Amino acid sequence: MKNVVLTSEDALIVADIQNDFLPGGRLAVSNGHGIIGTVNQYIKKFTNAKRPVFATRDWHPPNHCSFEQQGGPWPVHCVAGTTGAAFSRALKLPDDVRIVSKARDRDKEAYSAFSGTTLHEQLKQLSIRRLFVCGLATEYCVLNTVKDAIACGHTVFLLQDAIRAIDAQPNDGSRAIEQMKQWGVEAVTVQQIMDD
Ligand code: VGL
Ligand code: ZN
């Protein structure tokens, strides 16, 4: 088990820890709340190291194309401005968190935090080269964000103790993890991250 020392080129991405993806929400990821304590530990380490923390959120219009009544695969979820779209109160985001709102366009599904956002430009501005990704859901937001990050030339670390899958089909999550590893992503746990 190799440690990873945080450098000035690193940023944390916390994907979609929103009420609708948590138990009681419209599209609850089973045991989704089980990662929040670990996500908070990552946030603490990045904040201690004065590294930027990005929190993404699914931020849909009320008639988004991914919703069942529009012919999409999902129940209504994460409608912009609703309680369901709010970050979990258990999530301890820093005051200077950088929020990335995604999938805001009615006619376009966008699982990746890079899709239709300024994330790429913000990372470039900050000279970020390595991204550490955790959150929900493994096979949607996490997978597609990681894919685009690699395409942008980033080195990506998957925070494997702080992700959870929807698993609409059994093993969707584990298949996504295998896929990311094949792309060269390194899977790490919170004990491996050194903030000094
Ligand atoms: C997501 C399902 C529906 C995600 C978004 O970002 O992981 N999953 N909408
Ligand atoms: Zn969505």
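Histidine 77 puts a polar side-chain atom 3.1 Å from a nitrogen atom of ligand 1, a polar contact being a pair of N or O atoms within 3.5 Å. The protein buries 100% of the 260 Å² that ligand 1 exposes when taken alone (Shrake-Rupley areas, 1.4 Å probe). This is a predicted model, where local features need pLDDT of at least 70, side-chain atom pairs count only at pLDDT 80 or more, and totals for chains, interfaces and linings use all residues. Side-chain values use heavy atoms, leaving out hydrogens and water, residues are numbered from 1 along each chain as its sequence is written, and chains are lettered from A and ligands numbered from 1 in the order in which they are written.

**Around ligand 1**
- Ligand 1 is surrounded by 13 residues, the closest being Asp16, Asp58, His77, Lys102 and Cys141 (near means a heavy atom within 4 Å).
- One oxygen contact of ligand 1 goes to a side-chain N or O atom of lysine 102, at 2.9 Å.
- A polar backbone atom of cysteine 141 lies 3.0 Å from an oxygen atom of ligand 1.

**The zinc site**
- Asp58 (OD), His60 (NE2) and His77 (NE2) coordinate the zinc ion (ligand 2) at 2.0 to 2.1 Å (donors are N, O and S atoms within 2.8 Å of the metal, or 3.2 Å for Na, K and Ca).
- Along the chain, the donors of the zinc ion are spaced D-x1-H-x16-H.
- Aspartate 58 counts as buried because its relative accessibility is 5%, and histidine 60 is buried at 0% (buried is under 20% relative accessible area, exposed over 50%, partly exposed in between, with a 1.4 Å probe and protein chains only).

Note on methods
Polar contact = N/O pair within 3.5 Å; in protein donor to acceptor, adjacent residues only side chain to side chain.
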